[in-house]
Amino acid sequence: MSILIRVKKLTEVALKPSVISGQVHYLFIFSHMRSRSSVLSHILGSNTDVCGYSELHRSYMNQMDLLKMRIGLYHDLRVDLRGKYLLDKILHDDHKVSKEILETACPKVIFLLRRPESTLKSILNMARMPGMEGYLDPQKALVYYCSRLTNLVKYAQVVKGKYFFLESDDLVNNTDSVLRELSDWLELRLPLVNCYDLFNNTGKAGYGDRSEKIRTRKIVETNGYPELSIPPQVLQEAEYSYQRCKEKLSIDRAYN
């Protein structure tokens, strides 16, 4: 970030101190790439009680990181943050949320998990885009997926059951029921619905799904990329990690 942009952000905050001092709540989606996290975060971010719709690509190790989150979301959305959930999704192991933040900031946490075959095929399809070629190798996609699921389990152990666990396929196949449960869990004033707004960075590189599907403004089922195939050994290892993670998240969850 350039010095001029930083100065601009700080000036904006100085003129509106509630960005820093106003009471807010925090909401994190812990997931992995190609989990349908973009469409979920857009649905959440379109609700009047939520600010945020994309991946902010930052870690949250201390209160200063939460402050930076506030400033970044205000700079993007230009809305009053007070009383709202501030949303970010964490999809990569190099972006961390510390135990201190999970225990002291008391964020709401959604764990979002997608089955391995559809995830890996979606990653391979994504790898066709410029800048994502590193995931063209199914083995590299597997390493990412398994490592990420291992770390989701670790986060669940810290949160100690106080989270919402959502399987990605349920978001597509049982949309209304899932959104109703999620609305109740978050205690939103207006319920979540299967439509969403397009924001400043929707569809842009680095902010989530870049495909045209994100511009449909609602949850749609994809064709599953039948032209792509996953080596049996890769799929077997991914399935093992998925089942282990799913079992752990399902057993430990407690919607409270």
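Guide: Start with a definition: a salt bridge is a side-chain nitrogen of Lys or Arg within 4 Å of a carboxyl oxygen of Asp or Glu. Keep in mind that this is a predicted model.

Visitor: Why is the pair Arg189 and Asp49 called a salt bridge?

Guide: The closest N and O atoms of Arg189 and Asp49 are 2.5 Å apart. The cut-off is 4 Å, so the pair qualifies.

Visitor: What makes this pair a tie between parts of the chain?

Guide: Arg189 lies in the loop between α9 (175-186) and α10 (232-252). Asp49 lies in the loop between α3 and β2 (50-51). The two parts are 140 residues apart in sequence, so the pair ties them together.

Visitor: How do you know whether Arg189 is buried or exposed?

Guide: Exposed means over 50% relative accessible area. Arg189 has 64%, so Arg189 counts as exposed.

Visitor: And Asp49, buried or exposed?

Guide: Buried means under 20%. Asp49 is at 6% relative accessibility, so Asp49 counts as buried.

Visitor: How many salt bridges are there by this rule?

Guide: The count comes to ten. One of them joins the side chains of Asp169 and Arg36, at 3.2 Å from N to O.

Visitor: Where do Asp169 and Arg36 sit?

Guide: Asp169 is in helix α8 (residues 168-173). Arg36 is in the loop between β1 (25-30) and α3 (37-45). The pair links distant parts of the chain, 133 residues apart.

Visitor: Why is Asp169 called partly exposed?

Guide: Its relative accessibility is 26%. That falls between 20% and 50%, so Asp169 counts as partly exposed. Arg36 has a relative accessible area of 16%, so Arg36 is buried.

Visitor: What makes Arg148 and Asp93 a salt bridge?

Guide: Their closest N and O atoms are 2.8 Å apart. With the cut-off at 4 Å, the pair therefore counts. Arg148 is in helix α7 (residues 138-159), and Asp93 is in the loop between β3 and α5 (99-104), 55 residues apart.

Visitor: Now Lys89. Why is Lys89 given its burial label?

Guide: Lys89 is at 1% relative accessibility, and the limit is under 20%, so Lys89 counts as buried. Lys89 is found in strand β3 (residues 85-90).

Visitor: What makes the meeting of Lys89 and Ser37 a polar contact?

Guide: The side chains of Lys89 and Ser37 come to 3.1 Å. The cut-off for such N or O pairs is 3.5 Å, so the distance passes. The side chains of Lys89 and Ser38 are also joined by a polar contact, of 2.9 Å. Beyond its neighbours within four places in sequence, Lys89 is in contact with residues including Ile29, Glu55 and Gly208.

Technical notes. Residues are numbered from 1 along each chain as its sequence is written. This is a predicted model: local features need pLDDT of at least 70, side-chain atom pairs count only at pLDDT 80 or more; totals for chains, interfaces and linings use all residues. Side-chain values use heavy atoms; hydrogens and water are left out. Helices (H or I, at least four residues) and strands (E, at least two) are DSSP runs, numbered from the N terminus. Buried means under 20% relative accessible area, exposed over 50%, partly exposed in between (1.4 Å probe, protein chains only). Contact means heavy atoms within 4.5 Å. A polar contact is a pair of N or O atoms within 3.5 Å; within protein, one must be able to donate a hydrogen and the other to accept it, and residues adjacent in sequence count only if both atoms are side-chain atoms.
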